[in-house]
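User: I am new to this structure. Please show me how to read a few of its features.

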Amino acid sequence: MKRTLTIIALFLAMTAGMSAQQKAYEPAPENLAARQKFTEDRFGIFIHWGIYSMLSDGEWVMNTWGLPYDEYSRLAAGFYPSKFNAEEWVKVFKAAGAKYITITSRHHDGFSMFGTKASPYNIVDATPFGRDVLKELSEACAKEGITLNFYYSHLDWGRNDYYPRGNTGQKSERPDGDENSWDHYQAFMRAQLTELLTNYGPIGCIWFDGMWDRYLPDHKAHGELWRLREQYDLIHSLQPACLVGNNHHRPVFEGEDIQIFEKDVPGQNTTGFSAESVVSDRLPLETCQTLRNSWGYQVNDEAVKTPEYLVKYLVRTAGKDANLLLNIGPRPDGTLPESSVESLLAMGKWLEKYGSTIYGTRGGCVPEQSWGATTQKGKELYVHVLDHADAILVPVKGNKLVSAVAFDGGAKVPFSQVPEGIVLTLPAKPEGCYDQIITLTFKNEL
């Protein structure tokens, strides 16, 4: 405990007297290059894993069950994921076609899945397992050429310096802090962020979540309450290429490098999480979605999304010029649910054949249509027909169409250019085809 207090006290001293006046954020050249790579990657794997998996009822189980922190935290003493194998995980995700992995380094329950010196409540010091899974994962990712990102929770249901409390974790029965608590908690987070960006090699992104728990209606004041610029500037100073994203469900704050949407493609709000969001026209976009219903492992959650659903969701997301971050919740023993792996590997087989219409593309100049979506690269527009029709209208005007061919087999597709755009007469849809792709090549760049 003394070591923990010393580290946090050091961060308090370092940040005392920081000027409230900050220069406008200017991303470094490395950061701009990382944004471009992120956009080209298009598909990543999200991992929600922690001691909550032992209760097999999702990552919010401490809150939903109303568990006291003192009792919940005892789970750590029994956490022993004996079958965890970082290399096997990464190989599965690579075979699924994923280019990056984002894993929970610390979720809302406050348990750290890495060997942090800022708190003894972590997988190395508080469990019999005693291994740093993030370290092992970072080494496996480096070996396979996969980018590693860290999810990091802004809120904490267990720490008494997370004070005043937010809207969740009300039944934790932890003691409240005092007027100095928020400074202490902020220093704790900065200490952990420094560790994550110092001890695990190059990190692609810090993916924040939870600042909606303490909410201010005024956008600027909300960011100032959470001291976002201090955190963001720290991240960029430690690793200029590291991207910053925040799942706050609001318009972007200065210093963020990507914009995140939860369970909705950009511009939609079927879940209610994106009511306040304004889609950025200058930042890379990402949609996070679950393979099942829950993010963390839930033993009775068998609602695994089908390969057809996932492929179509990936296509529609790419058509919105966004990445798909698809979540899996490992079991407490460290294994991946077999049905989830089957769906992921089916996606991988599809991407092996059709990935050139997804990776490295931008959202098509044609917005989403009733029949599907489009992606584009150079002079080529990939028409993804997700709901088959005999003929479709592709509303592209003012650019001469040179050719239209089926992506499968290269057969010519009859077309005519009309004032409203291009009419394609589609060939018969192959049996079992999720996505009938037509490649349109134009005279000029799109």
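Analyst: Start with Gly 115, which sits in the loop between β2 (100-106) and α6. Keep in mind that this is a predicted model.

User: Is Gly 115 buried, partly exposed or exposed?

Analyst: Buried means under 20% relative accessible area, and exposed means over 50%. Gly 115 has 26%, so Gly 115 is partly exposed.

User: Which residues does Gly 115 touch, leaving out those up to four places away in sequence?

Analyst: Gly 115 touches Asn 122, Val 124, Asp 132 and Tyr 200. Look also at Lys 135. Gly 115 and Lys 135 are 20 residues apart in sequence, and their C-alpha atoms are 8.6 Å apart in space.

User: Is Asp 156 buried or exposed?

Analyst: The cut-off for buried is under 20%. Asp 156 has a relative accessible area of 2%, so Asp 156 is buried.

User: Which backbone nitrogens lie by polar atoms of the Asp 156 side chain?

Analyst: A polar contact is a pair of N or O atoms within 3.5 Å. The backbone nitrogen of Gly 158 is 2.7 Å from a polar side-chain atom of Asp 156. For the backbone nitrogen of Arg 159, the distance to such an atom is 3.0 Å.

User: What does Asp 156 touch beyond four places in sequence?

Analyst: Asp 156 touches Arg 106, His 108, Asp 109, Gly 110, Tyr 162, Arg 174 and Tyr 185.

User: Let us turn to helices. At what angle do α5 and α6 cross?

Analyst: Angles of 65 to 115 degrees count as roughly perpendicular, and those under 35 as roughly parallel. The axes of α5 (residues 86-95) and α6 (residues 133-144) cross at roughly 45 degrees and come within 8 Å. The two helices are therefore oblique to each other. The crossing of α5 past α6 is right-handed.

User: Which residues make that contact of α5 with α6?

Analyst: From α5 come Ala 86, Glu 87, Trp 89, Val 90, Lys 91 and Lys 94. From α6 come Glu 136, Leu 137, Ala 140, Cys 141, Lys 143 and Glu 144. By class, this contact has six nonpolar, no polar and six charged residues.

User: How does α5 pack with α11?

Analyst: The axes of α5 and α11 (residues 338-354) are 7 Å apart, at an angle of about 45 degrees. These helices are therefore oblique to each other. Val 92, Phe 93 and Ala 95 of α5 meet Val 341, Leu 344, Leu 345 and Gly 348 of α11. Here the classes are six nonpolar, one polar and no charged.

Conventions. Residues are numbered from 1 along each chain as its sequence is written. This is a predicted model: local features need pLDDT of at least 70, side-chain atom pairs count only at pLDDT 80 or more; totals for chains, interfaces and linings use all residues. Side-chain values use heavy atoms; hydrogens and water are left out. Axes are lines fitted to C-alpha atoms, for helices over the stretch in contact, and angles run from 0 to 180 degrees between N-to-C directions. Helices (H or I, at least four residues) and strands (E, at least two) are DSSP runs, numbered from the N terminus. Angles under 35 degrees count as roughly parallel, over 145 as roughly antiparallel, 65 to 115 as roughly perpendicular and the rest as oblique. A crossing is left-handed if the near helix is turned anticlockwise from the far one by less than a right angle, and right-handed if clockwise. Contact means heavy atoms within 4.5 Å. Ala, Val, Leu, Ile, Met, Phe, Trp, Tyr, Cys and Pro count as nonpolar, Asp, Glu, Lys and Arg as charged, and the others, Gly among them, as polar. Buried means under 20% relative accessible area, exposed over 50%, partly exposed in between (1.4 Å probe, protein chains only). A polar contact is a pair of N or O atoms within 3.5 Å; within protein, one must be able to donate a hydrogen and the other to accept it, and residues adjacent in sequence count only if both atoms are side-chain atoms.
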